[in-house]
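Please study the sequence and the structure before reading each solution.

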Amino acid sequence: MSFTLLLVVLIILSIRERMRLAVLRSKAWDVSELSTPSPLSQALTGLVGTAGGIYLSLVLLFTFLGYELPERVYLGKIQVEPLAALSIALAVVQPFFLRIFQLRRRF
């Protein structure tokens, strides 16, 4: 239960950080558009897109190297595919590392 709660909190914080980054990147919204994507939808799209890109890269890397991973692993009571779990985990922590690099660049 605590692992699931921690995972949900990390995902929410990651989405929040992605929303902050998206707002900072696009200060000027085009008012001529009929509908504009919300920061939440952009953050979710970014999270899923990043995780998908990482997943495809990992699959290609492990296939090229000839490594065979188990199809499923158990994390407590949850059964997941190892590369998918790793991809989502890396996509969740990516905006935090980006913020750390931005803060280090300022000093």
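The model is predicted.

**Exercise 1.** Determine the handedness of the crossing of helix 1 and helix 2, and describe how these helices pack.

*Solution.* Two packed helices are described by the angle between their axes and the distance between the axes.

Step 1. The crossing of helix 1 and helix 2 is right-handed.

Step 2. The residues of helix 1 that take part are Ile11, Ser14, Ile15, Arg18, Met19, Ala22 and Val23; they meet Pro39, Leu40, Gln42, Ala43, Leu44, Gly46, Leu47 and Thr50 in helix 2. Sorted by class, this contact has 10 nonpolar, 4 polar and 1 charged residues.

Step 3. Helix 1 and helix 2, the latter formed by residues 39-65, pack at an angle of about 115°, and their axes are 8 Å apart. Angles of 65 to 115 degrees count as roughly perpendicular, and helix 1 and helix 2 are therefore roughly perpendicular to each other.

**Exercise 2.** State at what angle helix 1 and helix 3 pack, and classify their arrangement.

*Solution.* 

Step 1. The angle is about 50°, with the axes of helix 1 and helix 3 lying 8 Å apart.

Step 2. Angles under 35 degrees count as roughly parallel, and 65 to 115 as roughly perpendicular. Helix 1 and helix 3 are therefore oblique to each other, and their crossing is left-handed.

Step 3. On the side of helix 1, the contact includes Leu10, Leu13, Glu17, Arg20 and Arg25, while Ala91, Gln94, Phe96 and Arg99 are among the residues of helix 3. The contact of helix 1 with helix 3 comprises 9 nonpolar, 3 polar and 5 charged residues.

**Exercise 3.** Identify the residues through which helix 2 and helix 3 make contact, and give the classes of these residues.

*Solution.* 

Step 1. Helix 2 and helix 3 pack at an angle of about 135°, their axes being 8 Å apart. These two helices are therefore oblique to each other, and they cross in a right-handed sense.

Step 2. Helix 2 contributes Leu47, Thr50, Ala51, Ile54, Tyr55, Leu58, Val59 and Phe62, and helix 3 contributes Leu83, Ala84, Leu86, Ser87, Ile88, Leu90, Ala91 and Val92.

**Exercise 4.** Which element supplies the largest share of the lining of the largest pocket, and into which classes do the lining residues divide?

*Solution.* 

Step 1. The space in the largest pocket is about 260 Å³.

Step 2. At least two lining residues come from each of helix 1 (2-25), strand 2 (78-80) and helix 3 (82-106). Helix 3 supplies the largest share, 6 residues.

Step 3. The lining includes Phe3, Leu7, Leu75, Ile78, Val80, Ala85, Ala89 and Val93. By class, the lining has 12 nonpolar residues, no polar ones and no charged ones.

Note on methods
Residues numbered from 1 in each chain as written. Predicted model: local features only at pLDDT ≥ 70, side-chain atom pairs only at ≥ 80, totals over all residues. Heavy atoms only, no water. 1 Å grid on protein atoms, 1.4 Å probe; cavity = no way out; pocket = protein on both sides within 12 Å on 5 of 7 lines; lining within 4 Å. Points joined across faces, edges and corners; volume = space filled by probe spheres on them. Helix = DSSP H or I, 4+ residues; strand = E, 2+ residues; numbered from the N terminus. Nonpolar A, V, L, I, M, F, W, Y, C, P; charged D, E, K, R; others polar. Axes fitted to C-alpha atoms, helices over the stretch in contact; angles between N-to-C directions. Parallel < 35°, antiparallel > 145°, perpendicular 65-115°, else oblique. Left-handed = near helix turned anticlockwise from the far one by under 90°. Contact = heavy atoms within 4.5 Å.
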